[in-house]
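Here is a friendly briefing to read alongside the structure. Keep the 3D view open and look up each residue as you go.

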Amino acid sequence: MAEQLSGWTPKTEHLLLCNGVVGGGYDIIDHAFEASFPLHLLHELRANGWIGDDDSGNCCEAKNKEGRLTPARTALDVNMMQSVLGGFLLDYNRIRGDDSAFISREERSQIDFPMNYPFLQRLIRAIENTVIENDTNTMLRQHFEFDASLTSVQLARYCGDNKSGYPRHCDRGMTCTQERTNADEEEEEEEEMMQRLLTCVYYLTPTDWHEESDGGALRIFCPQKQQQHTSKGYFDVTPHSGRLVVFRSDVLEHEVMPSKRRERIAITVWLYGRRLIVKNDKLVSSQEKRKESETSYRKSDDAIRISNSTILLPPPLPIMAESVTQNHHNDATIFVAIPSYRDIETFPTIKSLIETSSHPQRIFIGVVYQVDTSSDEEIEQFSSSGKGYASYFKSCEWNHQVNLRTITIDYRHATGPCYARHLAQSLHRGEDYVLQIDSHMRFRPRWDDYLIHQLGQCHDPSMSLLTTYPPNFDPPHGPGPHAETRGTILVPWKFDNKDGMLRQKGRLMNLRSRSNSSQDNNNNNNNNNNNIPCLLFAAGFNFFQSKLLELCPYDGKLHGLFFGEEISMAVRLFTNGVDLYAPPETVCYHMWKRNPLRRQEQVARSVKGSIDSNNAANDQSTRGREVSLSVVRMQLCGMGRGLGTMRTAKQFEEALGVNFETLALSKGCENAGLDDDAFVSSSQGTAGDDSAFDLNHGGDEKAVILEDDMSMVMSLVSSYL
């Protein structure tokens with residue numbers, strides 16, 4: 001029988017599955033192997049050149065620290081990058097302090113690997129045998145499907161300098177998934193791609209490692225539901241020699257605390273897998289479940305259709321049945337304009353629109369795909385010509401041949417969001433309403449009925465527009481049943497120091513929000529379904545009658561404009577007599593994490609610009625952006641194209657509570673005419689007063705390079721130098 005971990009019991013599997021209870025999601029296994037095993041493994045790694053000899057016990061002071069480990073993300077990297085990339089702002093708190101290296105699958109597959117690494121091979125195989133290849137039907141394998149061919153192994157060493165550590169993070173990505181109940185785990189569909197599922201950390205520290213004097217603890221943070229049962233909100237695990245810590249990669253965030261006096265060495269083994277769905281006592285993989293879900297799709301105007309990929313939806317939007325009948329919502333058509341820039345989330349966004357709408361057949365979608373047209377792979381991945389689109393449209397009864405219209409351009413010809421949104425609006429074919437969104441969003445059930453109803457509540461629906469910054473969501477699971485449902489409203493935030501454009505943010509409102517404005521759209525102030533008057537415009541979410549496309553279409557000549565796009569539309573709409581409102585409920589959710597391809601291009605341009613400043617000065621996009629900014633500045637002064645005559649730009653400035661000439665904000669402008677208690681304070685909820693729900697327009701003006709950018713930046717620096 002293949003060797004398995006000593007100390008792995010049904011209790012271990014129970015804890016790994018019960019991540020929603022105190023102490024769940026991880027287990028500690030001491031003496032998984034014989035007492036001499038850690039020392040033999042450490043000698044083996046040194047003999048094979050992974051780490052150099054270090055008699056001092058502190059690699060920071062040792063002279064001989066040659067080995068195959070390299071600094072992960074050290075302050076030296078940061079200082080060097082700061083000197084080369086002067087325009088970037090680096091987040092020092094996110095820099096790792098360890099030396100590390102992956103022991104590649106290619107190296108581990110060599111025929112002589114078991115002979116050269118007998119102890120490391122034992123460690124890896126024992127973990128895989130226990131979890132993946134166990135002959136018994138374990139609890140874990142009743143819930144997860146594992147793939148041993150994807151197992152990854154890393155060796156890491158932290159110096160005993162009382163500084164080097166690894167800040168709070170999740171092994172699955174930027175943030176961990178919220179905790180789930182056992183019932184959720186049986187119903188939820190995992191994404192099709194295999195990802196890190198279990199993290200197994202084996203410590204090779206000195207045998208006399210002390211909790212207080214040596215430090216270096218693994219700090220495991222409790223999921224939100226557990227924190228009420230703990231005083232600290234986390235558990236510290238001391239890295240004793242021979243200790244194996246196993247935890248869920250997708251659930252638990254953790255931190256490596258600094259080692260105080262001696263180096264801390266550990267081997268990490270990641271097991272990859274995905275969730276299984278239990279249905280009628282039969283295990284079904286996520287791919288099989290998706291296929292079954294899509295083929296069982298049926299048309300029903302009275303039901304909310306959701307596939308398993310969106311099964312964990314937030315609550316449906318409130319809408320009175322009589323109001324739907326009275327306003328003839330079923331007959332109204334909606335055109336959805338979506339600009340998509342090399343975005344893999346476009347297809348899930350389209351699916352969410354269709355599957356959460358009350359009447360899918362009235363939804364018409366226009367997408368502008370900006371992709372690498374020379375790459376068949378990218379066209380397949382990002383555009384509607386991909387196989388995923390074809391199979392989905394074949395299985396559902398939404399007529400994509402009629403209801404989906406697309407324009408595809410090469411991303412190198414893209415000139416910013418204004419031109420893309422202008423092209424998307426050109427795909428409108430007379431539908432009654434227009435919804436303009438971004439390509440990475442999810443929707444609450446009945447969004448179509450709700451938006452039509454709420455726009456109808458306005459004093460003059462034909463001259464009104466609903467808009468705001470939606471709360472954040474993290475794919476692939478979507479917002480989930482406990483997502484924020486309270487509405488947000490746009491308010492002035494600050495003036496940009498670089499170009500003087502007004503930046504805005506979304507503030508989360510209490511359910512009892514009431515307006516002090518005379519512009520209130522409903523006399524019944526006790527009705528929480530009232531829209532809230534506002535003055536600012538969100539490009540990524542706005543809903544209006546199609547008449548406004550003729551009155552105030554998107555300006556396709558504002559090339560290269562990001563900051564300034566929304567304030568330009570706001571002053572144009574205001575002067576043309578259009579009233580803006582924030583809906584009292586969250587209608588949809590926006591993924592605010594930046595598109596990695598766009599971020600990579602931005603880093604590349606900044607690196608090149610920092611090294612050769614002449615390129616930036618002569619760059620055509622830079623010149624186009626300056627021209628666009630000049631147009632917006634003229635509009636804010638009451639001159640230039642696109643302005644109406646119903647109201648003036650000066651009135652817009654005064655009503656907003658800002659001064660575009662002196663770049664000043666007046667006191668109280670951040671309340672948008674509401675009482676102070678209309679907003680959720682930072683201590684009351686997840687979206688506080690200073691939460692900016694803005695992907696391109698929120699945050700600091702300088703890019704923050706995170707850990708996953710560093711290797712890309714280093715290679716770019718090397719190539720340009």
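Ring pairs join Phe33, Phe37, Phe119 and Tyr202 into a cluster. Keep in mind that this is a predicted model.

**Aromatic pairs**
- The count of aromatic pairs comes to 16.
- In one of them, the ring centres of Phe37 and Phe119 are 5.5 Å apart and the planes stand at 65 degrees, so this pair is edge-to-face; the cut-off for that label is over 60 degrees.
- This pair links distant parts of the chain, since Phe37 belongs to helix α2 (residues 37–47) and Phe119 to helix α6 (residues 118–131), 82 residues apart.
- Is Phe37 buried or exposed? Phe37 has 0% relative accessibility, so Phe37 counts as buried.

**Charges over rings**
- Arg68 lies over the face of Trp50, 3.7 Å from the ring centre.
- Arg503 places its charged end over the ring of Phe563, at 4.1 Å from the ring's centre.

**Helix α18**
- How many residues of helix α18 (residues 565–575) are buried? The count is 11 of the 11, so the helix is largely enclosed by the rest of the structure.
- Among these buried residues of α18 are Ile567, Met569, Val571, Leu573 and Phe574.
- The list of buried residues in α18 also includes Glu565, Glu566 and Arg572.
- After α18 comes Gly577, which has a positive phi, near 85 degrees.

Notes: Residues numbered from 1 in each chain as written. Predicted model: local features only at pLDDT ≥ 70, side-chain atom pairs only at ≥ 80, totals over all residues. Heavy atoms only, no water. Buried < 20%, exposed > 50% of the residue type's maximum accessible area, 1.4 Å probe, protein only. Helix = DSSP H or I, 4+ residues; strand = E, 2+ residues; numbered from the N terminus. Phe/Tyr/Trp six-rings, centres within 6.5 Å; stacked < 30°, edge-to-face > 60°. Lys NZ or Arg CZ within 6 Å of the ring centre and 35° of its normal.
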